[in-house]
Amino acid sequence: GGDASVPYQSAPASLSELRWLSDEELEQENEAILQGEVSELARLLSAMNPNMAAIESYRDLSKKYSRELHTLDTVVALCSQQRALHDDLRRQRLELFNSGYDHIRTKLSEMYKMITLDDGDADLEFNDSMDPFSEGISFRVRPPKKSWKYITNLSGGEKTLSSLSLVFALHTYKPNPIYIMDEIDAALDFKNVSIVANYIKERTQDAQFLIISLRNYMFELADVLVGIYKIN
């Protein structure tokens, strides 16, 4: 491993012409370069003709943006609170509705079986099981010795028994103080008239029933009887 340095005589002529600058000379050279760059930048800046008022405008817009952003955050937070409240109310509504629905559905089946002497059945079902409030509820009935049908497809007497069963089921859930019924027994045979009349008489002591009837099996059980007739 000999000396790897290159003899001065073998260096290129251009290198031999280089000279060392003192610290003072180097500082002067750097200052001159910087002054030149500053002058060039000043010339370019002058040529650009910048709007210095834009800085103040930017500051104003920045403040306005901050205020609007704060307002947006407040509104978004309020919106989230209201959405949570809405969802909670929807949940409570569904729970209350399902509680009443399950009770009424069970009692409806019991009432219809009682009226038909355990020879029929009735049921309620959601048209949309995912959202019971969107499509309503269907009323299905199985009259004695027949298949399941929707209430719209029943005869007059069958509709009457089904409707009364629902009224009585609703009464067990949330009783009304008074019911007014107009010839509910018109389409019923004497057996069903007697069953309905006795149920009203014995099972609904917490309510008053005003019933317009032409059937003696019904009005004979009334506590008070009011007769209406033509005089001419």
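This report describes a sheet with its neighbouring helix, and then several salt bridges, in a predicted model.

## Basis of the model

Local features require pLDDT of at least 70 and side-chain atom pairs count only at pLDDT 80 or more, while totals for chains, interfaces and linings use all residues. Residues are numbered from 1 along each chain as its sequence is written, and side-chain values use heavy atoms, with hydrogens and water left out.

Three strands form an open sheet in the order β1-β2-β3, with antiparallel pairing. Strands are DSSP runs (E, at least two residues), as helices are (H or I, at least four), numbered from the N terminus; two strands pair if DSSP finds at least two bridges between them. At the edges stand β1 (121-126) and β3 (149-150), each pairing on one side only.

Strand β2 (residues 137-142) is joined to β1 by six bridges, and Phe-126 stands opposite Ile-137 in β2.

## Salt bridges

The whole structure holds 10 salt bridges, each defined as a side-chain nitrogen of Lys or Arg within 4 Å of a carboxyl oxygen of Asp or Glu. One of them joins Arg-105 and Asp-123, with the closest N and O atoms 2.6 Å apart. Because Arg-105 lies in helix α3 and Asp-123 in strand β1, this pair ties together parts that are 18 residues apart in sequence. Asp-123 is buried at 13% relative accessibility, whereas Arg-105 is partly exposed at 34% (buried means under 20% relative accessible area, exposed over 50%, partly exposed in between, with a 1.4 Å probe and protein chains only).

Within helix α3, Glu-56 and Arg-59 lie three residues apart, about one turn of the helix, and their side chains meet in a salt bridge (3.5 Å, N to O).
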